[in-house]
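Me: I would like to learn how to read a protein model step by step. Could you begin with the general idea each time, and then show me the case at hand?

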Amino acid sequence: MEKSIIYPNCDFTIWFRSVNENNITETPIEGKTTGIIPNWINGCLYQNGPGLLDVTGKRVQHLFDAFSLIQKFTIKNGHVTYQNRILQSDAYKQAYKTGRSCYSEYGTSKYQDKSDSYNNKHESVSSLSWFLTRIQQLFHFKNDFRTDNALISIYPYKIKNDKIGLFAMTETPIMHEIDSKTIETCSKFNVSEHLPIVSHCAHAVILNDGTILNVGLASSLTGMNYVLFEFPGFSNSNNEDNLMNQCKTLTKIPSRWPFNPSYMHTFAVTDNYIILVEQSLCISLAQLIQLTITHGPMTDALVWHENEPVRFRLINRHTMIEYNDYTYLSSAFFFLHIINAYEDNNHLVIDICCYDNADMLECMTIEALENAQENPDYYKQFRGRPKRFVLPVGMNEDDENFNGLDYTTCEIKLIDRKKLWIEPEIIVDLGCELPQIEYFRFYGKFYRFFYAINSEVDYKYCGALRKIDILSKTCQIWHETGCYTSEPIFLRNPSDETGEEDEGVLIMSLLRSNHENEVSLLILNAQTMTEMGRVEFNTNGPVPKCLHCLWIDSINE
Ligand SMILES: [Fe+2]
């Protein structure tokens, strides 16, 4: 008898698609076009995400542990091709060669053989020497127990004056350069060899001049620090062979809890501030040291503090000094992605895809995904909402109304002499994830629209794409039964630089239930959220669902 399922409109098996060396699509393939692919769209859509779940013969335990698959659509004068390749990380190559998980992943332990056990027993004889060894392992850049499986995102770094390099990234600071044409893995760049960090955000911020900002974690005698650092942009004219070697520290901000820094996947930048959101999910340094012995998964070091508020930290971009006139706090929440942030009349506005707690990370274990259709609570654990937080800055002491913005209902209360409690506005009562805006025009600026995939598994159009109008609090969707869109990228016709905010197209990939060896490129009119065209590809093997995308115009290739 067939089992009844709780979420009939959601196909969780889409996450279990897994490729291997024999069925990837290395050579670009042609597809079948319907509708119109506008001629002004010329460039490449790159995608990164979990692609291989069972290289060792045993499935990984968390979706974030599957080995990275890089996918690419090339678009030229209305003609589109598709290709994919496995990222050749050391973690993947060794797992492939040995049939064992050789690195600690996000939710999967490193395989340990008998000699490891022997060494552990041997080492436990001297607890002091053990402790010092572990500390050294943890903070030395040559520590090699954590993965280099960079499956989260792709960013364009300026590697020479005349060349941009694409780098696959994850939260360990080891990035892999991929060839922009063939998507082969070319080289490895370990940020820790240049800056003393142990991790960094998987999402950097690209400024308009090409400078890339990021935030890492580093230790000091007094505890952990958030390290703000940057890679050179286009204005840099130094002739050094690899400009990435010029990455430099901008400032260090001490974690509010010295031995429990907050987990940070993203941060935000406005004209004058860098905003760090110290959320209630923290990394326990004690657990992290323990992991150097157990080689357990990173999730063992994450601790949720439900009674601890989130704290917003503002760093002045000109002085690199933290703004300390107020401490900004809000009820505990978990987040991965910030939608956007901007300054408006002595306020900082920051919009975040928030969850009440960090259960959604548990929802992405392979076991949870496999059992989701029988779990009546799954939809609650995965329930997030986009929320708007307003942080007043530079206000007069006698100002009583902390929120002077009439277009948001965010409430701000003075709870102590210098402490402000922020009660956010729910932007829309809908689940949104992988949010995107028109990045280079509106990042860090006042904006009205964002685009995101639906994140509610009990929604009737589970794979839908949402367009949110923040001011009118309305939502338009695009959906097709049994289809799942990727993160969308907004593109504007270069001849229409001053058009309306939503005047352009959304470009994304599309997967279909029960059609494993198929992927489409989909183009929507962003104003009307209607389909303009698509190209359907029949691939050599399964096409897994990606996490994040990058668009590179052909002029920048
Ligand atoms: Fe992300």
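Reply: Let us start with burial, for which a residue counts as buried if 20 or more other C-beta atoms lie within 10 Å of its own, as exposed if 12 or fewer do, and as partly exposed in between. Please keep in mind throughout that this is a predicted model.

Me: Is His337 buried or exposed by that rule?

Reply: His337 has 21 C-beta neighbours inside 10 Å, and because the limit is 20 or more, His337 counts as buried. This residue is found in strand S21, which spans residues 334-343.

Me: Which residues does His337 touch, if I leave out those up to four places away in sequence?

Reply: With those set aside, His337 touches His265, Thr266, Cys353, Glu433, Leu434 and Pro435.

Me: Which residues does the UniProt annotation "binding site" cover?

Reply: According to the UniProt record, an unreviewed entry, the annotation "binding site" covers His203, His265, His337 and His548. Although these residues are spread over 346 residues of sequence, they cluster in space, with a largest C-alpha distance of 12.8 Å.

Me: Where does His203 lie, and which residues is His203 in contact with, leaving aside neighbours within four places in sequence?

Reply: His203 lies in the loop between strand S10 (199-200) and strand S11 (205-206). Its contacts, with those sequence neighbours left aside, are Ser153, His265 and Thr266. His203 counts as buried, because 21 C-beta neighbours fall inside 10 Å.

Me: Which residues of helix H1 are buried?

Reply: In helix H1 (residues 90-98) the buried residues are Ala91, Tyr92 and Ala95. They cover an arc of only 95° around the axis, so they are on the same side of H1. What covers these buried residues includes strand S4 (67-76) and strand S5 (79-86). H1 is followed by Gly99, whose phi is positive, near 75°.

Me: Which residues of helix H4 are buried, if I read that helix in the same way?

Reply: In helix H4 (residues 285-294) the buried residues are Leu285, Leu288 and Leu291. Their arc around the axis is only 100°, which puts them on the same side of H4. Just after H4, His295 takes a positive phi of about 55°.

Me: How many residues lie between the strands in the hairpin of S8 and S9?

Reply: For a hairpin, look at the two strands and then at the residues that link them. The hairpin of S8 and S9 has six residues between the strands, and Ile183 takes a positive phi near 55° there. The two strands run antiparallel and are joined by five bridges, with His176 opposite Lys188 in S9. Ile183 is not a glycine, and with 25 C-beta neighbours inside 10 Å this residue counts as buried.

Me: Where does Asn346 lie, and what is its phi near?

Reply: Asn346 lies in the loop between S21 and strand S22 (347-355), and its phi is near 65°, a positive value in a residue other than glycine. Asn346 counts as partly exposed, because 15 C-beta neighbours lie inside 10 Å.

Technical notes: Residues numbered from 1 in each chain as written. Predicted model: local features only at pLDDT ≥ 70, side-chain atom pairs only at ≥ 80, totals over all residues. UniProt positions renumbered as here; feature names shortened; annotations may be inferred. Helix = DSSP H or I, 4+ residues; strand = E, 2+ residues; numbered from the N terminus. Contact = placed C-beta atoms within 7 Å. Arc of directions from axis to C-beta. Pairing = 2+ DSSP bridges.
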